[in-house]
Amino acid sequence: MGVWTSALTRRRAAAIAVGTPLATVLACAAPAGSGAPGVRTEGEKSTVVIAPPATSLEGFSANYQRMKPITDFLSRQAGITFETWSPTDYASTMLELSRGKLDLAWLPPLLYAKSNEDGVATAALKMLKKDASGRLSATAEALIVVRADGPQSLADLKGKTIAATDPADAVGWLFPAERMAKEGVNPLKDAKIDYRSTPHGTLIRLLQKGVEAAFTTPAAMSHPDVLKVEKEPDKATRVLARIEGIPLDLIVLRRSLNPKTTEKVRTALRALTDTSKATVQDQGQTRYLLAVFGYDGAQEARDSDYTRVKEAARALGIALKSK
């Protein structure tokens, strides 16, 4: 088991239900015929199965309820039925994609890159969130921060303990770790990682002096839980690095899905990008369908949009393709 997969087995899973270990899936080869590029072995399908983001603490029933307006909308747009399969974690999602049980699913960028390199999945729809100016953006920003009296540079973090989120997270792990590696400190080898479930959780850990540095986000600086610990976190900390242009989660399609079914699914997903029409009435208010998972919009995605994700993984020595 490699350095990265060993780290994955130590990850904190407070934000997701416990299921198949993520490291187990990443360490295994894709099953034969699971979705190699160009291989199309299925007939058309009248029902496709989608997995929502694996982030719900409330369990299966809550995810089904969240997904019902989304699957109803997609079914109307595609002329075929969309059904929900609710994963216990992203390891389950990746495994069932490779087995062919799932046809499309939400994945973090790094796990998409793994599935794409294994020939299992292709990018379909990228999630958007509003940035600080209120504009929709397909990317996020990460910070590497220390306490105000902490280390002076990224190079000084060698041998230190760093709070980070799940190793599959592009914002809370992958891109900040790559930025450190450019300074000669690969966190997988040259530092100790204290895994937290959220960016504000990593910042709280830093403020409470449990670690020497944290991978976090600008938004975490004003999170209510952080402000309970420190009224002025921006003054109590110092930013060593700011990383921009980090892609958000995306919906992927299984590559072995029948071409005609794929086109119907893509048509339905394309309709989700219209925030004025892809809506539901919720307690008298009109709400965008994907807002239930914290997204403000969506945009069609291409595999080439995630080249930087693969580059970042390789810079850290993370093997994406299964042997």
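Tryptophan 173 is buried, as is phenylalanine 215 (buried: under 20% relative accessible area with a 1.4 Å probe, protein chains only). The model is predicted, with local features requiring pLDDT of at least 70 and side-chain atom pairs pLDDT 80 or more, while totals for chains, interfaces and linings use all residues. Residues are numbered from 1 along each chain as its sequence is written, and side-chain values use heavy atoms, without hydrogens and water.

There are 4 aromatic pairs in the structure (ring centres within 6.5 Å, with the six-membered ring taken for Trp; planes under 30 degrees apart are stacked, over 60 edge-to-face, the rest tilted). The ring centres of tryptophan 173 and phenylalanine 215 are 6.2 Å apart and the planes stand at 50°, so this pair is tilted. Because tryptophan 173 belongs to helix 6 and phenylalanine 215 to strand 9, the pair ties together parts 42 residues apart in sequence. Trp173, Tyr195 and Phe215 form a cluster linked by ring pairs.

An open sheet of 5 strands runs in the order 8-7-9-6-10 with mixed pairing (paired strands share at least two DSSP bridges; strands are DSSP E runs of at least two residues, helices H or I runs of at least four). Strands 8 and 10 stand at the edges with a single partner strand each, so one side of each has no neighbour in the sheet.

| Strand | Residues |
|---|---|
| Strand 8 | 192-195 |
| Strand 10 | 237-247 |
| Strand 7 | 161-164 |
| Strand 9 | 213-216 |

Strands 7 and 9 pair in the parallel sense over 2 bridges; alanine 163 has alanine 214 in strand 9 as its bridge partner.

Definitions and conventions:
Buried < 20%, exposed > 50% of the residue type's maximum accessible area, 1.4 Å probe, protein only.
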